[in-house]
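Biologist: Hi! I'm new to this one, could you walk me through it?
Modeller: Happy to, let's open it up.

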Amino acid sequence: MLSVVEPRVIPREQHTISRRDIDPDALKVLYRLRQFDYIACLVGGSVRDLLLGRRPKDFDIGTSAHPYQIKKLFRNCWIIGRRFRLAHLKFGPKVVEVATFRRLVQTDQEIVQDGVQAVPAGGRKVAVAMEPEHLVHRDNTFGTPEEDAFRRDFTINALFYDIATFSIIDYVNGVEDLRAELVRSIGDPEVRFREDPVRMLRAVTLAARLDFRIDQPILDAIRIHRHEIARSSPPRLLEEYYKILRAGSAEKTFRGLAGAGLLEPISAELHHGADDPLWRSLAALDAYRKGFQSPPDAFTNALLLGSLLVPLGFSPQPARHGLPPSAEVEGDRRGAPKPRLGELPLARRDVERLRQMLGLQRRLRDLGASPRAQRALTHRGIFREALAWMEIHGNSPEIADDWKATLVERGTEEPEPGGQNAEPPPLRRRRRRRRRYRPAPER
């Protein structure tokens, strides 16, 4: 069992986090949990970002209350998850995630790809066949704040803000690593990366986004275990790629992944194509993202996917002849070769939407088209994404500005929800139709 560690408690007067910087709905949740005598803390990346003076993307909460105890306190609560029950509290379109503190895995167990593997006293591992149902019960175990801190990945992600005392609680010297601008693993990085290989990718991503350096033991462990990331779930890896592309530091992150050798096991195409065209594409994506407080609606999966595929030679036009047999087998019904990023499952709808988006670029550049043709173009479902692609990657800002001015003149331009000056569109009042008077028929 884990020996008890005395945490470092940083009182309110010695740190910079103010309740004014915390989302009001997250504060309501914290106060209500505390009102019913549960431990309630802001946890993880939100504490880290607030200490760095950044605006957190999410305000996640850790508590001693169990999921169905949380549900009794909040009518807007939904319990989700199979491996570990989480409470999602919905405030309009916003969700505040509340998780019960989880226990640290026992020293006589090891997390493997398909479940928990028992290790007898003699040291020899005995494989235990784990069905999904068993996996749920094994992983759905609760613990203390201390155990929850030690089961997290990196020290700067294991800080707690206690709403009862307004203090920072630090079990793992995360505050010191934050001041030193260092990404350091909790525990042996080789063990932690075998538990979850995606942590290697997140270490590089975190360092790139915060402009921190990576602890040398982490770099050594990545060099040894980098090929193990290929055994992670492909949909999960693809989702990690999309998160990186939306965060605003995609170029630096993918450069770091290429330097650490983590692209090759996931997507060999990106590994071999990690050259100037790819870096220019990602830099343009980051430059556009900096104009918004949160990821804009234009950052659809299709547009983000194109930012990776087009520098690798993806073409919107299907090849009509001369395809190799393998491409014909993997192609769609029109004969276009199916793009690949290793074993990552690229959704057909996203690829097809990307083809449409790129195919529309030539028509967007034709400013001499008739007003009727231009109006018809603006009514295409893919128009907004195609215009965003031109603005990001088209190297023709004046053409994009002309189209946006045209939309404003016609009254069809809507403010970007993620923009800094975004306002909700005014509601149009529906006019009531007057009833026509009809005289009653004579009898």
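Modeller: One definition before we start: a helix axis here is a line fitted to C-alpha atoms over the stretch in contact, and angles run from 0 to 180 degrees between N-to-C directions. Also keep in mind that this is a predicted model.

Biologist: Thanks! How many helices and strands are in the chain?
Modeller: The chain has 21 helices and twelve strands. Of its 443 residues, 44% are buried.

Biologist: And what share of the contacts comes from residues 24 or more positions apart?
Modeller: They account for 68% of the contacts with a separation of 6 or more.

Biologist: Okay, on to those axes. At what angle do α8 and α11 pack?
Modeller: The angle is about 135°, and the axes are 9 Å apart. Angles over 145 degrees would count as roughly antiparallel and 65 to 115 as roughly perpendicular, so α8 and α11 are oblique to each other.

Biologist: Is the crossing left-handed or right-handed?
Modeller: α8 passes α11 in a right-handed crossing. On the α8 side, Leu 201, Val 204, Thr 205 and Ala 208 make the contact, and α11 brings Lys 252, Thr 253, Gly 256, Leu 257 and Ala 260.

Biologist: Which residues are buried in α11?
Modeller: In α11, which covers residues 250-260, they are Ala 250, Thr 253, Phe 254 and Leu 257. Those residues sit on the same side of α11 because they cover an arc of only 90° around the axis.

Biologist: What do they pack against?
Modeller: The buried residues of α11 pack against several helices, among them α8 (198-210), α10 (234-247) and α14 (276-289). Then, just after α11, Gly 261 has a positive phi of about 80°.

Biologist: Which residues other than glycine have a positive phi?
Modeller: I can point to two examples. Phe 166 has a positive phi of about 60°, and Phe 166 lies in the loop between β9 (159-162) and β10 (167-170). Asp 211 also has a positive phi, near 60°, and Asp 211 is in the loop between α8 and β12 (213-214).

Biologist: Why point those out?
Modeller: Because most residues other than glycine have a negative phi.

Biologist: Is Asp 211 buried or exposed?
Modeller: Asp 211 is exposed, with a relative accessible area of 52%, whereas Phe 166 is partly exposed at 24%.

Notes
Residues are numbered from 1 along each chain as its sequence is written. This is a predicted model: local features need pLDDT of at least 70, side-chain atom pairs count only at pLDDT 80 or more; totals for chains, interfaces and linings use all residues. Side-chain values use heavy atoms; hydrogens and water are left out. Buried means under 20% relative accessible area, exposed over 50%, partly exposed in between (1.4 Å probe, protein chains only). Helices (H or I, at least four residues) and strands (E, at least two) are DSSP runs, numbered from the N terminus. The arc is that of the directions from the helix axis to the C-beta atoms. Contact means heavy atoms within 4.5 Å. Angles under 35 degrees count as roughly parallel, over 145 as roughly antiparallel, 65 to 115 as roughly perpendicular and the rest as oblique. A crossing is left-handed if the near helix is turned anticlockwise from the far one by less than a right angle, and right-handed if clockwise.
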